[in-house]
Amino acid sequence: MLLEVRDLKTHFFTEDGVVRAVDGISYSVARGEVLCIVGESGSGKSVSSLSTMRLIPDPPGRIVAGQILLEEGEGRTTDLAKLDERAMQRIRGKRVAMIFQDPMTSLNPYLRISDQLVEVLVLHEGLRKAAARERAIDMLKAVGIPDPARRLDDHPHHLSGGMRQRVMIAMALLCSPELLIADEPTTALDVTTQAQILELLLDRKDARSKEGMGLGIVLITHDLGVVARVADRVAVMYAGHIVEESPVAELFADPRHPYTVGLARSIPSLEGDRSKRLVPIPGMPPLLSKVPKGCPFAARCPAVRPECHETFPEMREVGPGHRVACHETDADAVRRPPPEVTA
Amino acid sequence: MSEEVEATETPPSSPAKASPPEADATKGASLWTDAWRRLRKNRVAVVSGVFIIFLTLFCIIWPEVSPFRYDDANIALGATSPSWTHPFGTDDLGRDLLARLAFGGRISLAVGIVATFISFAIGVTWGGVAGYFGGRIDAALMRIVDVLYTIPLLVLVILVKAFFANDKTIFYRWFVWSIGLFTDHAKDPKYLPLFQIVFVFAALGGVSWLTMARIVRGQVLSLKSQQFIEAARSIGVGDAGIIFRHLLPNALGPIIVYTTLTIPSVMLTEAFLSFLGLGTEEPLSSWGLLVANGTESLDLYPWLTFFPGLMLALTLLCFNFLGDGLRDALDPRVRKD
């Protein structure tokens with residue numbers, strides 16, 4: 001496995017108490033694979049990815065437990081959770097790269113595109129400026145920026161949102177990283193651009209596979225449409241836990257966690273019966289500083305059982321590569337609709 | 001004619017060549033070039049800038065070429081109103097006011113610029129470090145600033161002058177050594193007032209960096225949580241790169257503006273201190289000192305107050321206009337005009 005996260009816990013120590021943003025999650029990504037982490041706002045998706053980059057602001061945040069193992073080859077791994085800042089700086093942008101949600105604010109407004117792209121190459125590959133510019137132009141072309149030689153000396157505010165996200169992707173891929181973490185890369189873009197950016201990501205991944213060095217992608221999103229389009233495997237997060245993990249087709253065909261079921265029901269679809277009303281999940285996710293004992297979804301769960309309020313369910317295997325953390329073992333009970341919401 | 005033919009022969013490949021202004025727009029002027037262009041459009045700011053440059057040159061050159069020295073007394077002549085020989089008149093000791101104004105301008109402008117430079121250097125570093133590293137470092141540094149804020153300027157100036165500005169301190173030896181590079185009579189007591197002014201510079205600089213530190217800290221705090229800083233980290237940029245390549249250029253706009261506004265405020269404070277007899281001392285002159293002396297005989301020799309006051313007011317006004325212009329020019333919200 002390219003990246004293996006084991007029992008990662010990232011907590012924030014604030015004045016209001018300990019916020020358990022990520023509370024014991026495990027997942028893995030192989031080369032050439034796209035893992036989607038889905039969940040609603042505040043479920044700990046972004047914190048889990050920032051933990052992998054070791055970009056958690058400290059204080060108040062800290063990785064309190066767990067391992068983040070990056071493959072070194074020949075069966076050896078590096079635990080990113082234990083690296084010092086200097087070693088981590090050599091890995092960021094070089095072996096593990098990240099793209100962010102809002103392309104409008106993730107480029108430095110005072111620097112030209114060329115300055116920001118060249119910076120990466122100078123940092124990690126010690127290239128001279130002229131050589132770095134050549135590489136930057138090639139990469140801009142590869143991410144579909146027209147007339148890259150001219151665009152190179154533009155400032156970010158001359159580019160549209162989609163263009164800027166392409167530049168971000170170019171920046172992330174410039175040093176041929178092994179792992180790409182994309183934190184909601186399409187959320188801030190309009191629908192057409194979204195599709196283009198996702199295509200671009202998959203396209204770059206395939207291009208890298210052909211070169212023989214598979215690129216693993218962790219894509220964070222709250223959009224199940226994106227998941228269906230690009231994911232190989234999906235991990236569903238709720239209140240700092242991964243509650244279900246599965247190959248993508250299986251997750252949509254046979255969801256085993258009531259939260260996954262609820263998520264799927266609350267998404268509109270162009271196909272099928274349009275008169276059917278969307279079913280929201282009642283209630284609100286718990287505050288991460290006050291997660292109750294037991295299963296965090298228990299208070300909103302239509303299939304809740306007494307033990308749900310007592311113990312957090314163990315992850316159990318329900319199919320090949322399909323794991324779920326739920327006390328309810330009956331697949332039909334999990335899919336029971338929630339009680340009618342009375343207005 | 002031949003140019004026209006060329007242009008029509010290759011229109012699709014090089015539309016930029018055919019229309020230079022458009023090419024300029026797509027070239028992507030840097031924000032600084034943009035700011036400079038907007039500043040040039042601001043007529044008031046340009047006039048102010050030109051006036052300040054002219055005035056500075058005048059203060060530097062005039063005392064060297066003037067027929068009268070700033071301290072040439074002519075008691076027999078006494079105070080005379082403006083005339084062809086003395087365009088701004090003379091004071092009660094018969095000293096040429098224009099020469100004294102030019103020389104005083106040196107001190108007033110120097111106080112403004114030196115104290116502002118001190119405030120810039122300390123304030124940017126202090127606030128930058130506090131804001132960037134945050135946590136305990138921030139708390140410690142900013143509490144020190146809070147404590148220093150409580151020291152009244154007047155008390156500080158009096159204390160500093162009383163303890164350091166005499167010929168028995170080590171500072172005096174440094175001073176003698178440094179002006180010894182220019183003159184053979186470094187110990188001459190006539191240089192003592194010059195020595196004392198240095199402490200006015202230091203005291204004013206020592207007070208005005210506090211606000212600068214707070215401004216820079218605020219800027220850095222708000223900038224460092226922005227996504228492009230996180231993005232820069234995510235490609236492996238270290239602390240130094242983040243501070244100097246990514247944070248400071250973005251914070252520079254407000255810093256520059258505050259700096260240009262500090263210059264007049266420091267000059268005004270120097271004038272105020274001189275007025276109280278705590279700043280520049282005779283026979284040296286500064287605009288504040290000239291105004292102070294002039295007011296003693298305002299009813300008899302009004303020009304002694306009028307001209308220095310006019311200079312001070314004009315300069316302050318120009319620095320304020322220039323600062324305003326810079327703020328508008330550097331504000332990105334004005335960009336899409």
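## Packing, sheets and contacts

Modeller: Start with helices α6(A) and α7(A), which pack with their axes 10 Å apart and an angle of about 15° between them. This is a predicted model: local features need pLDDT of at least 70, side-chain atom pairs count only at pLDDT 80 or more, and totals for chains, interfaces and linings use all residues. Residues are numbered from 1 along each chain as its sequence is written, while chains are lettered from A and ligands numbered from 1 in the order in which they are written.

Colleague: Why are α6(A) and α7(A) called roughly parallel?

Modeller: Angles under 35 degrees count as roughly parallel, over 145 as roughly antiparallel, 65 to 115 as roughly perpendicular and the rest as oblique. The angle here is about 15°, so α6(A) and α7(A) are roughly parallel to each other. The axes are lines fitted to C-alpha atoms, for helices over the stretch in contact, and angles run from 0 to 180 degrees between N-to-C directions.

Colleague: Is the crossing of α6(A) and α7(A) left-handed or right-handed?

Modeller: Right-handed. That is the name if the near helix is turned clockwise from the far one by less than a right angle; anticlockwise makes it left-handed. On the α6(A) side, the contact includes Gly161(A), Arg166(A) and Ile169(A); among the α7(A) residues are Ile197(A), Leu200(A) and Arg204(A).

Colleague: What makes two residues count as being in contact?

Modeller: Their C-beta atoms, placed from the backbone, have to lie within 7 Å.

Colleague: How do the residues of the α3(A) and α6(A) contact divide by class, and what makes a residue polar?

Modeller: First the geometry: the two axes come within 9 Å and cross at roughly 20°, which makes α3(A) roughly parallel to α6(A) as well. Ile113(A), Gln116(A), Leu117(A) and Val120(A) of α3(A) meet Val167(A), Ala170(A) and Met171(A) of α6(A). These divide into six nonpolar, one polar and no charged. Ala, Val, Leu, Ile, Met, Phe, Trp, Tyr, Cys and Pro count as nonpolar, Asp, Glu, Lys and Arg as charged, and the others, Gly among them, as polar.

Colleague: What makes something a strand or a helix here?

Modeller: Both are DSSP runs, numbered from the N terminus: helices are H or I with at least four residues, strands E with at least two.

Colleague: And which strands are at the edges of the four-stranded sheet?

Modeller: That open sheet has the order β2-β1-β4-β5 (chain A) and antiparallel pairing. Its edge strands are β2(A) (17-29) and β5(A) (76-79), each pairing on one side only. Further in, β1(A) (residues 3-14) and β4(A) (residues 61-73) pair in the antiparallel sense over eight bridges, and Thr10(A) stands opposite Ile63(A) in β4(A).

Colleague: How is chain A divided, and where do the domain bounds come from?

Modeller: Domain 1 of chain A is 1-95 + 177-343, and domain 2 is 111-176; the bounds come from an automatic or database domain assignment. Over C-alpha atoms, 30 Å separate their centres. Each domain of chain A gives 14 residues to the contact. On the domain 1 side, the largest share, six residues, comes from α7(A) (residues 191-210).

Colleague: How many residues of chain A are in contact with chain B?

Modeller: 26, against 19 residues of chain B. The largest share of the chain A side, four residues, is from α3(A). By class, the chain A side has 11 nonpolar, eight polar and seven charged residues.

Technical notes:
Pairing = 2+ DSSP bridges.
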